[in-house]
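Work through the exercises below with the sequence and the model side by side. Try each task before reading its solution.

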Amino acid sequence: MNELISLELDDCKDGMNKSVAHTENELTKIRAGKATPGMLDGVSVDYYGSATPLAQVSNVNTPDARTIVIQPWEKSLIGAIEKAIVDANLGLNPQNDGIVIRLAVPALTEERRRDLVKKVKEEAERGRIAIRNIRKDANESIKKLKNDGVSEDEIKTGEAEVQKLTDSYIVKVDQLAELKEKDVMTV
């Protein structure tokens, strides 16, 4: 295979790996009824005027499957952390005792589980779209290599390889979504 096409395929693979990783990251933010510190990854606290991730100003633990405990490194941050959690609209009510903040993660209703499955499917579709866009860009780049003296047969082979990569990465996204759906629907 032509060296230029190999480089395009490597770029394509990198982009698709990043898309799958991003999709996986987005799926972990969808809560499945079990308390995890990752549920608070998107929460930023106003720390001396700058938005700082919650994990950088406190310890976040899960003592059991239904509770998240946040222990700020500075007691003066308790109010700011509570406000950040409420503003993040996660459906969690912070309760503090002056030292730590406790978040009780409510059990999910059947209706809420179905909504979360819809979210999982939407996120998976975003991942598939991103992979298809990478395929389109890679195919366009490979077609432009014709000007650099790459034969049409090599271009066709390159496009076939890009399609194989696309198919395999879409299967990975589908597997991630399927696992997350099972996780959400498990009571």
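The exercises that follow concern a predicted model.

**Exercise 1.** Find the element that holds tyrosine 169, and decide whether this residue is buried or exposed.

*Solution.* Step 1: tyrosine 169 belongs to helix α4, which spans residues 152–185. Step 2: the relative accessibility of tyrosine 169 is 5%. Step 3: buried means under 20%, so tyrosine 169 counts as buried. Step 4: leaving out residues up to four places away in sequence, tyrosine 169 touches Lys13, Met16, Asn17, Val20 and Ile131. Step 5: take serine 19 as a further reference point; 150 residues separate serine 19 from tyrosine 169 in sequence, while their C-alpha atoms are 8.9 Å apart in space.

**Exercise 2.** Describe how helices α1 and α4 are placed relative to each other.

*Solution.* Step 1: two packed helices are described by the angle between their axes and the distance between the axes. Step 2: helix α1 covers residues 3–28, and its axis comes within 10 Å of the axis of α4. Step 3: the two axes cross at roughly 10°. Step 4: angles under 35 degrees count as roughly parallel, and α1 and α4 are therefore roughly parallel to each other. Step 5: the residues of the contact between α1 and α4 comprise 13 nonpolar, five polar and six charged.

**Exercise 3.** Give the order of the strands in the open sheet, and state which strands stand at the edges.

*Solution.* Step 1: the sheet has four strands, in the order β3-β4-β6-β5, with antiparallel pairing. Step 2: β3 and β5 (94–96) each have a single partner strand, so they stand at the edges, and one side of each is left without a neighbour in the sheet. Step 3: on average, neighbouring strands are turned by 25° against each other, direction ignored. Step 4: β5 is joined by three bridges to β6 (residues 101–104), and the two run antiparallel. Step 5: opposite glutamine 95 stands arginine 102 in β6. Step 6: helix α2 (residues 78–87) lies across β3, β4 (67–72), β5 and β6, and runs at about 165° to β5.

**Exercise 4.** Locate serine 58 and list what surrounds this residue.

*Solution.* Step 1: serine 58 is in strand β3, residues 58–64. Step 2: its relative accessibility is 3%, so serine 58 counts as buried. Step 3: the side chain of serine 58 reaches the backbone oxygen of leucine 54 at 3.0 Å. Step 4: not counting residues up to four places away in sequence, serine 58 is in contact with Ile70, Gln71, Pro72, Trp73 and Ile81.

Terms used:
Residues are numbered from 1 along each chain as its sequence is written. This is a predicted model: local features need pLDDT of at least 70, side-chain atom pairs count only at pLDDT 80 or more; totals for chains, interfaces and linings use all residues. Side-chain values use heavy atoms; hydrogens and water are left out. Buried means under 20% relative accessible area, exposed over 50%, partly exposed in between (1.4 Å probe, protein chains only). Contact means heavy atoms within 4.5 Å. A polar contact is a pair of N or O atoms within 3.5 Å; within protein, one must be able to donate a hydrogen and the other to accept it, and residues adjacent in sequence count only if both atoms are side-chain atoms. Two strands pair if DSSP finds at least two bridges between them. Axes are lines fitted to C-alpha atoms, for helices over the stretch in contact, and angles run from 0 to 180 degrees between N-to-C directions. Angles under 35 degrees count as roughly parallel, over 145 as roughly antiparallel, 65 to 115 as roughly perpendicular and the rest as oblique. Ala, Val, Leu, Ile, Met, Phe, Trp, Tyr, Cys and Pro count as nonpolar, Asp, Glu, Lys and Arg as charged, and the others, Gly among them, as polar.
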